[in-house]
Amino acid sequence: MEKRSGKHSAYKKASGPGKLPEAAGNSGTAKVSGAKEPSGRKQVWRAGNMLYPVPAVMVSCGREGEKPNIITVAWAGTVCSDPAMVSVSVRKSRYSHDIIKETGEFVINLVSENLVRACDWCGVKSGRDVDKFREMKLTPGKAEKLESAPIIRESPVSIECKVKQVFELGSHDMFLAEVVCVDADEAFFDEKGKLCLDRAGLITYSHGEYFSLGKKLGTFGYSVRKTPRRGKNKEG
Ligand SMILES: Cc1cc2nc3c(=O)[nH]c(=O)nc-3n(C[C@H](O)[C@H](O)[C@H](O)COP(=O)(O)O)c2cc1C
């Protein structure tokens, strides 16, 4: 990759002084009520995780002869559209780590506002010490395509996954997995059979805090669309 020296760089130094050009009106930015205007000056921090917001998800897992377990995971993501693939990164020290490694299975359960307390609790208690399904009054359900990992029936959407590879990255092992099927609660389908995830009250996690999702700002491709179109929603 080309190295830019400060002297020849066409870019303004992130930490230096300088004002942003007028934001609203003719650019890619827009004033949004409630959000502070950026100053354009940056504090440069040492390397760390700052990709926010992210979904905080409840990952369920289980192995024969033991109670099923739930681990809260924020380091989760979609990594491929076709085949549908995801990753979750889990520290070796977690009780769930060995279960997922041994069985090669887990379920990513999306978290609604109703589940946010349970999500946090499952992220601070270990299955070594407690039965998280029982304590949180959650219901393990038989997964459609997995042998041992259950779905959480109270979750609006459960994503059944089979591990393809494990990457030992450092603090966390990343489980790269293929999605084998998705269980979506019928309550969130409209009369035409479309899944309306916006009705599920999903939450997000940002820099140590949980949030409800805010108002809808647009749909995929709306910035270039000439005439408003209904229904189609493409991603990735
Ligand atoms: C919001 C949140 C996000 C978390 N994200 C992760 C994560 O991505 N990976 C991880 O290993 N632990 C993560 N944790 C910590 C585990 O969920 C926690 O250590 C849990 O008690 C492990 O459960 P277990 O021992 O039953 O597997 C997170 C916790 C919270 C509250």
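# Legends to the close-up views

**View 1. Ser206 and its contacts.** Ser206 counts as exposed because it has 12 C-beta neighbours inside 10 Å. The model shown is predicted: local features need pLDDT of at least 70, side-chain atom pairs count only at pLDDT 80 or more, and totals for chains, interfaces and linings use all residues. Residues are numbered from 1 along each chain as its sequence is written. Ser206 lies in strand S10 (residues 203-206); strands (E, at least two residues) and helices (H or I, at least four) are DSSP runs, numbered from the N terminus. Leaving aside residues up to four places away in sequence, Ser206 touches Tyr52, Pro53 and Phe211. Such a contact means that the C-beta atoms of two residues, placed from the backbone, lie within 7 Å. Ser206 and Tyr52 are 154 residues apart in sequence, yet their C-alpha atoms are 5.2 Å apart.

**View 2. The protein as a whole.** Three helices and 11 strands make up the list of elements, and from the N terminus on they run β-β-β-β-α-β-α-α-β-β-β-β-β-β. Of the 236 residues, 24% are buried. Among contacts between residues at least 6 apart in sequence, 59% join residues at least 24 apart. The average pLDDT, the predictor's confidence in each residue from 0 to 100, is 91, and 87% of the residues score at least 70. Residues 2-6 have a pLDDT below 50, and beyond near neighbours in sequence this stretch has two contacts in the model.

**View 3. The open sheet.** In what order do the seven strands of the open sheet stand? The order is S2-S1-S5-S8-S9-S4-S3, with antiparallel pairing. S2 and strand S3 (76-80) are the edge strands, and each pairs on one side only. From one strand to the next, the twist averages 35°. Two strands are taken to pair if DSSP finds at least two bridges between them. Helix H1 lies across strand S1 (57-61), S2, S4, strand S5 (105-109), strand S8 (157-168) and S9, and runs at about 55° to S1. Axes are lines fitted to C-alpha atoms, for helices over the stretch in contact, and angles run from 0 to 180 degrees between N-to-C directions.

**View 4. Strand S9 and its two partners.** S8 and S9 pair in the antiparallel sense over 11 bridges. Cys161 has Val179 of S9 as its bridge partner. The two strands form a hairpin with three residues between them, and in the turn Gly170 has a positive phi of about 150°. S4 is joined to strand S9 (residues 172-184) by seven bridges, and these two strands also run antiparallel. Val86 is bridged to Ala177 in S9, and Arg91 stands opposite His172.

**View 5. The shell around the ligand.** The ligand is surrounded by 22 residues, of which Tyr95, Ser96, Gly123, Ser126 and Gly127 are the closest. Strand S2 (69-73), strand S4 (85-91) and helix H1 (95-103) each supply at least two residues of the shell. S2 gives the largest share, four residues. Nine shell residues are nonpolar, eight polar and five charged. Ala, Val, Leu, Ile, Met, Phe, Trp, Tyr, Cys and Pro count as nonpolar, Asp, Glu, Lys and Arg as charged, and the others, Gly among them, as polar.

**View 6. Backbone exceptions.** Most residues other than glycine have a negative phi, and most peptide bonds are trans. The bond from Tyr52 to Pro53 is cis, with omega near 0°, and Pro53 is placed in the segment before S1. Lys137, not a glycine, has a positive phi of about 55°. Lys137 is in the loop between helix H3 (132-135) and strand S6 (140-141), and is exposed, with 8 other C-beta atoms within 10 Å. His207 likewise is not a glycine and has a positive phi, of about 50°. His207 lies in the loop between S10 and strand S11 (209-212) and is exposed, with 9 other C-beta atoms within 10 Å.

Key
Near = placed C-beta within 6 Å. Buried ≥ 20, exposed ≤ 12 C-beta atoms within 10 Å, placed from the backbone.
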